[in-house]
Amino acid sequence: MATITHSIPVVDLAAFTSGDAKSKAAFVQALGKAYEEVGFVAVKNHGIPDALIADLYKYVQQFFALPSDTKYQYEIPELAGQRGYTSFGKEHAKGFDAPDLKEFFQFGQEVEDDDPVKDEYPPNVMVKEVPEFTPTFHKAYRAFEKSGKYLLQAIAIFLGLDEHYFDTQVHNGNSILRAIHYPPITQEPKSAIRAEQHEDINLITLLVGASADGLQILDKQDNWVPVTSLPEQIVVNVGDMLQRLTNNRLKSTTHRVVNPPREMWHTSRYSIPFFLHPKSGMRLDCLESCVTDTHPQEYAPITAGEYLDERLREIGLKK
């Protein structure tokens with residue numbers, strides 16, 4: 001069921017969604033084991049169309065190629081980077097002062113029913129200069145949500161919860177689709193790191209193929225292992241919210257982005273992660289089934305919204 005590519009297990013989401021009970025159970029075990037041991041998996045047959053991914057990268061590259069003054073119009077400081085553009089060097093990893101060498105754009109939830117949570121979300125920032133940018137982000141956001149929901153259903157089964165435990169929590173959740181641009185390196189860098197080591201804040205992150213290598217994860221032996229997803233795969237990792245909920249049973253793996261070899265310094269790197277968040281009211285209190293005498297409770301009770309707020313301050317996006 002799971003094969004190893006760069007020490008990351010590969011799972012086939014079609015085995016979960018096909019309706020065959022045996023295949024579904026095997027997928028659940030393979031995914032759960034990977035998240036207990038590695039924290040990252042590559043997922044094939046993930047349901048996000050190749051054409052949509054290609055469009056997403058095309059319009060993202062067009063946006064980041066706009067003049068800086070144009071991009072700055074889409075930066076709204078009071079939104080703490082949660083919508084629109086964030087300029088170069090604003091964000092840093094938790095525990096590090098040096099800014100990451102990137103600029104990014106964030107697109108968030110658009111509530112289309114009568115859910116009162118709509119009042120919590122600022123509107124998305126529309127990009128005029130690239131007309132297809134916003135509608136493509138909206139389509140991609142919905143595709144990522146759908147795939148992420150299936151993966152959370154498998155995780156719920158693995159944890160002995162009801163299959164649909166996460167469904168209502170992530171419906172209209174505070175998920176973020178982020179497009180990142182790491183610009184070419186034009187002078188001797190102070191560090192070999194483009195994005196310093198960190199763990200993600202959310203439940204799970206779905207990353208659709210970056211345009212260049214550079215992603216590395218820290219394995220249990222404290223080795224940095226390069227991760228390259230194949231064109232037909234997405235990489236999905238556990239975030240700190242899920243680690244917290246499961247009292248460290250599922251691992252939020254430390255990862256970073258390193259500079260390319262010198263001969264590739266003139267190139268840009270683009271990356272588009274989908275950070276799957278629940279609604280802010282979801283409790284992240286450790287699940288009773290994950291608290292035992294040998295694994296006592298590690299975390300104080302907190303909501304997803306409180307935890308996100310705390311982390312945004314730690315990484316410099318919120319004052």
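## A tour of the salt bridges

Begin by selecting Arg311, which counts as buried at 3% relative accessibility, where buried means under 20% relative accessible area, exposed over 50%, and partly exposed in between (1.4 Å probe, protein chains only). Before you go on, note that this is a predicted model, in which local features need pLDDT of at least 70 and side-chain atom pairs count only at pLDDT 80 or more, while totals for chains, interfaces and linings use all residues. Residues are numbered from 1 along each chain as its sequence is written, and side-chain values use heavy atoms, with hydrogens and water left out.

Arg311 lies in helix H8 (residues 304-314) and Asp240 in helix H7, so that the pair links distant parts of the chain, 71 residues apart; helices (H or I, at least four residues) and strands (E, at least two) are DSSP runs, numbered from the N terminus. Asp240 is buried as well, with a relative accessible area of 9%.

Next, select Glu36 and Arg249, whose side chains meet in a salt bridge at 2.8 Å, N to O. Glu36 belongs to helix H2 (residues 21-37), whereas Arg249 sits in the loop between helix H7 (240-245) and strand S12 (255-258), so the pair ties together parts that are 213 residues apart in sequence. Glu36 is partly exposed, with a relative accessible area of 26%, and Arg249 is also partly exposed, at 31% relative accessibility.

Now move to helix H5 (residues 133-158), where Arg142 and Glu145 both lie, three residues apart, about one turn of the helix. Arg142 forms a salt bridge with Glu145, and their closest N and O atoms are 2.7 Å apart. Arg142 is partly exposed, with a relative accessible area of 23%, whereas Glu145 is buried, with 17%.

Finally, show the whole protein, for which the count of salt bridges comes to nine. Its secondary structure comes to eight helices and 13 strands, and of its 319 residues, 53% count as buried. Among contacts (heavy atoms within 4.5 Å) between residues at least 6 apart in sequence, 78% join residues at least 24 apart.

Methods. Salt bridge = Lys/Arg side-chain N within 4 Å of Asp/Glu carboxyl O.
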